[in-house]
Amino acid sequence: MKNLKRILAIVLAVIMMAAVFTACGEEEKETLKVGFIFLHDEQSTYDKNFMDAAKKACEEMGVEYAQKTQIPESKKCYDAAVELIEVEGCDIIFADSFGHESFLIEAAQKYTDVQFCHATGTQAHTADLANFHNAFASIYEGRYLAGVAAGLKLNEMIANNKITADKAKMGYVGAFTFAEVISGYTSFYLGAKSVCPTVTMDVKFTGSWYDETKEKEAANALINNGCVLISQHADSMGAPTACEEKNVPNVSYNGSTVAACPNTFIVSSRIDWTPYFKHMIKCVQDGVQIEADWTGTIQTGSVVLTDINTKAAAAGTAEKLADVKAKLLDGTINVFDTANFTVKNEKLTSYKADVDTDDAFTPDTEVIENGVFYESKHRSAPYFNVEIDGINLLDRNYGE
């Protein structure tokens, strides 16, 4: 009898210990860990913008954080994801560059219990993977606002007899001839045109998201070609530095450059990724499915402008931007209203965009409704790739 009691006591102790270990394991699983894959490091304005948001979101949501920097658009992205999962124990993986997408999808297919989120990608809505998601923002609205600030500066230069109205030419440094870049420089131009009707714009491409030398060379070439204001969709300080050296007004991207360019920086638009990072974390915490495509807006706090540098901006810029922002919010202004631009001197009444992104880039979706080209409606990543009148592309082969 004593032996039986002893055996029962041992069995009960083992059961209790197993329950304790199980509870501990469950408690550990409740603490999420998010792994971030960045194309460059904090020297890139693009990546730093993501990094700052990632750290802020994880801190506010009370989750752990891990990151991999300098991860190229190659199999190294897949390897980084695997290491973040298997070594770091991450439950969510986020990558920030367009070219990371196919490698992230490969990882998502293997690690089905991990959620994968990707910025600027196009395949989530067709990949048929419950754990792979795309996100972007209506940054074209932010670029439109920045363009309004640029147009006001041109008007000031005309009023002060620094240029004549027919010389109101802007320059734009772009990375690649992707829809994301085309959508960005077109919305910037349309914002400027809304207040300075004589504006034109030249565009040069570098063939790289981050190449300080090429970006500075492109900016200098645009300035030498008569451009009196420069903006960009590239990630280094190359273009802003060129502008500061030559005292040419500059509208940057992804953050303020006022510290390095106090005399020429006007304003910058950027995507604040904090709302999305908090959203994806909360979805996983609550066991809710993350959307295949999520688009941040001005309303969600995802599309923002930096502080205006009053030393370089035209008088009245803040007031005008507040007015335009209000009209974007209430729908009075639509960035890609087809009444405000032409293509080969003709109004655009119909346009099929390549939304599903097949290998042949076949147009598949009508995107003009009631006279408006609706960007971001059919997927989060931009698909506006129309070449409108008033914008002159100085090269088309990625700057080569």
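1. Basis. Residues are numbered from 1 along each chain as its sequence is written. In this predicted model, local features need pLDDT of at least 70 and side-chain atom pairs count only at pLDDT 80 or more, while totals for chains, interfaces and linings use all residues, and side-chain values use heavy atoms, with hydrogens and water left out. Helices (H or I, at least four residues) and strands (E, at least two) are DSSP runs, numbered from the N terminus.

2. Burial of β5. Strand β5 spans residues 132–137, and six of its six residues are buried, so the strand is largely enclosed by the rest of the structure. Buried means under 20% relative accessible area, with a 1.4 Å probe and protein chains only. One side carries F132, N134 and F136, and the other H133, A135 and A137.

3. Neighbours of β5. Strand β4 (residues 115–119) pairs with β5 in the parallel sense over four bridges; pairing requires that DSSP finds at least two bridges between two strands. N134 is the bridge partner of H118. Strand β11 (residues 293–296) also pairs with β5 in the parallel sense, over four bridges, and there G296 stands opposite A137.

4. Packing of α6 and α11. Helix α6 (residues 139–159) packs on helix α11 (residues 317–330) at an angle of about 145°, with the axes 10 Å apart. Axes are lines fitted to C-alpha atoms over the stretch in contact, and angles run from 0 to 180 degrees between N-to-C directions.

5. Contact residues. E141, Y144, L145, V148, A149 and L152 of α6 meet T317, K320, L321, V324, K325 and L328 of α11, contact being heavy atoms within 4.5 Å.

Methods. Buried means under 20% relative accessible area, exposed over 50%, partly exposed in between (1.4 Å probe, protein chains only).
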